[in-house]
Amino acid sequence: MNYDETYNSLEKIVDEDLRNGAYHRNVCTRFPPEPNGYLHIGSAYAINMNYVIAKRFNGEFNLRFDDTNPLKEDIEYVDAIIEDMNWLGYSPGNRIFYGSDYSNELFNAAIHLIKKGKAYVCELSPEEVTQYRGTLTEPGKNSPYRNRPIEENLDLFLKMKKGEFPTGSKVLRAKIDMGSPNMNLRDPILYRIIHASHYRTGNDWCIYPMYDFAHPIQDAIEDVTHSLCSIEFKDHRPLYEWVLNELGIKEPPKQREFGRVNITGVVTSKRYLRELVAGNFVDGWDDPRLPTLRGLRRRGFTPESIQTFVNEIGFVRHQSIVDFAMLESILRSQLKTKVNSVMAVLNPLKVTITNYDETEAELLSIENNGENPDLGRREVPFSKVLYIENDDFMEVPVKGYKRLSPNEEVRLKGAYFIKCNEVIKDENTGEVIELLCTYDPITKSGTGFKGRKVKGTIHWVSADHCTTAEVNMFDKLFENEEIVKDPEKTWNEKINPMSKVVLKNCKIESSIISATMEERYQFFRHGYFCLDKDSTDKKLVFNRIVSLKDSWKGKQG
């Protein structure tokens with residue numbers, strides 16, 4: 001294999017293993033999520049690393065659910081993870097596995113270690129285990145139960161399996177080295193007692209293996225060659241290798257690490273996400289403000305944009321900080337020449353053209369995408385009564401204002417010049433509720449008129465030929481990530497009150513009524529939008545995916 005610019009250190013390691021004859025089987029990687037939450041944008045990076053390397057070497061890619069904790073896991077999350085991975089384009093096909101299916105093998109492995117004198121049953125309380133473990137600067141001390149006879153450990157462990165002891169009363173620990181500078185090797189817990197029904201195995205088991213014990217064995221059972229994980233697991237690698245070595249696994253899988261990617265602008269902690277969802281502070285796991293794949297999908301992000309995002313991050317050795325704005329920028333660039341543009345007035349102001357005498361609407365030809373003529377044109381009705389954006393009129397214009405104001409002209413996109421002659425206000429509030437304007441028929445777009453110029457162009461819709469819709473405008477769920485960690489604030493205090501603004505009386509070209517969930521649109525001057533799942537035949541609801549303005553500066557660290 002030739003090394004090129006895209007060839008990263010992990011791929012080099014895999015290639016060297018193959019060249020050195022480390023394996024007599026195909027390359028196999030895996031993604032091992034816990035089914036206790038939904039996948040998020042950070043998950044996509046880990047999936048991509050494993051999936052791409054497996055495919056690069058014509059190998060296999062496994063999805064394995066690390067379901068060894070019955071207290072938090074549910075089939076809901078299993079189904080969601082499979083669906084999200086298929087949508088994202090990293091389908092595991094029929095290579096879907098469950099750690100809970102290996103319960104007997106894991107139990108037998110524990111028995112093997114006990115018989116070798118490498119594991120023992122400990123009755124220290126959780127607090128005592130922590131105390132005996134020592135610190136980063138002080139070694140731990142041996143448990144008083146560490147030198148129990150093998151027969152006694154076997155008897156106690158079997159009784160643990162039979163359910164003869166209460167939850168948390170005993171654990172099985174590896175016998176390694178309480179003086180090790182690596183805290184993970186200070187007699188780590190292998191099994192604990194949990195009396196709870198498991199979503200797959202029911203009440204068949206009341207003892208469950210710890211991740212660090214189960215993971216290498218599960219990898220070995222599935223013939224995984226390379227267990228690729230983020231850098232925070234590097235200190236766990238010696239324990240991973242200890243388990244495989246003590247069990248005598250031939251051609252054992254190798255744990256290798258890639259750098260952790262932190263994404264600014266979003267919060268991906270499962271703990272925080274669960275609290276937000278469970279407390280109804282957001283609209284479920286697919287709330288468009290969340291960085292879950294479900295939320296991003298509902299918001300309108302495409303699988304291609306997320307794939308490009310994680311591929312452009314590429315392999316990182318240690319830790320990288322990436323701005324979420326990078327993903328938004330990628331989506332903009334992908335949609336820019338691919339989607340149709342429509343005119344949508346989100347905050348409508350009525351305009352009556354007093355000298356327009358046509359009884360029927362005039363159909364004007366407007367391009368579907370100003371940067372891609374291949375997307376064609378559409379006919380848009382123009383009539384006597386229109387809506388424009390409230391922000392596109394200023395009664396007392398400030399310096400530099402280039403839109404509509406009294407006695408000034410502006411071009412209506414794809415239509416005519418109009419001039420504001422009179423402003424009508426609400427008698428009680430003084431609010432501007434209507435503009436009386438005139439149009440100049442010789443200024444029609446596309447006729448080559450060059451008689452005079454106007455400062456600006458604004459969009460519009462015909463009042464009799466538009467549809468009313470609801471539009472969700474999104475901003476960051478939290479104004480900054482640090483506020484999430486503030487123990488003095490409640491979630492209601494932490495959440496940005498402007499993170500979701502619902503506009504209920506938006507006027508959009510009637511062509512939008514044929515929109516589907518898979519389509520994206522550019523709302524002229526407002527950004528890119530898609531249909532929300534809450535839409536019905538009687539009420540269209542759109543989500544703004546991203547604005548037109550790109551804040552991405554092209555930097556990552």
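How many bridges join β4 to strand β5, and do the two run parallel or antiparallel? In this predicted model, the count is four, and β4 and β5 (residues 171-174) run antiparallel. Within this pairing, C122 has V171 of β5 as its bridge partner.

The pair belongs to an open sheet of four strands, ordered β4-β5-β6-β7 and paired in antiparallel fashion. At the edges sit β4 (119-122) and β7 (207-209), each of which pairs on one side only. Direction ignored, neighbouring strands of the sheet are turned by 20° against each other on average. Helix α4 (residues 103-115) packs on this sheet and touches β4, β5, β6 (189-193) and β7. The direction of α4 makes about 120° with that of β6.

Two or more lining residues come from each of β1 (28-31), α2 (41-56), β8 (226-230), β10 (260-264) and α9 (270-278). By residue class, the lining of the largest pocket holds 21 nonpolar, 14 polar and 13 charged residues.

The second largest pocket has a volume of about 560 Å³. Among the 30 residues that line it, R299, E328, F474, D475 and K476 lie nearest its centre. Here the elements giving two or more residues to the lining are α9, α10 (293-299), α12 (325-335), β23 (466-474) and β27 (540-546). The lining of this second pocket divides into 18 nonpolar, three polar and nine charged residues.

Key:
Residues are numbered from 1 along each chain as its sequence is written. This is a predicted model: local features need pLDDT of at least 70, side-chain atom pairs count only at pLDDT 80 or more; totals for chains, interfaces and linings use all residues. Side-chain values use heavy atoms; hydrogens and water are left out. Ala, Val, Leu, Ile, Met, Phe, Trp, Tyr, Cys and Pro count as nonpolar, Asp, Glu, Lys and Arg as charged, and the others, Gly among them, as polar. On a 1 Å grid over the protein atoms alone, a cavity is a set of points where a 1.4 Å probe fits but cannot get out, and a pocket is an open set with protein on both sides within 12 Å along at least five of seven lines; lining residues have an atom within 4 Å of a point. Grid points are joined across faces, edges and corners, and a volume is the space filled by probe spheres set on the points. Two strands pair if DSSP finds at least two bridges between them. Axes are lines fitted to C-alpha atoms, for helices over the stretch in contact, and angles run from 0 to 180 degrees between N-to-C directions. Contact means heavy atoms within 4.5 Å.
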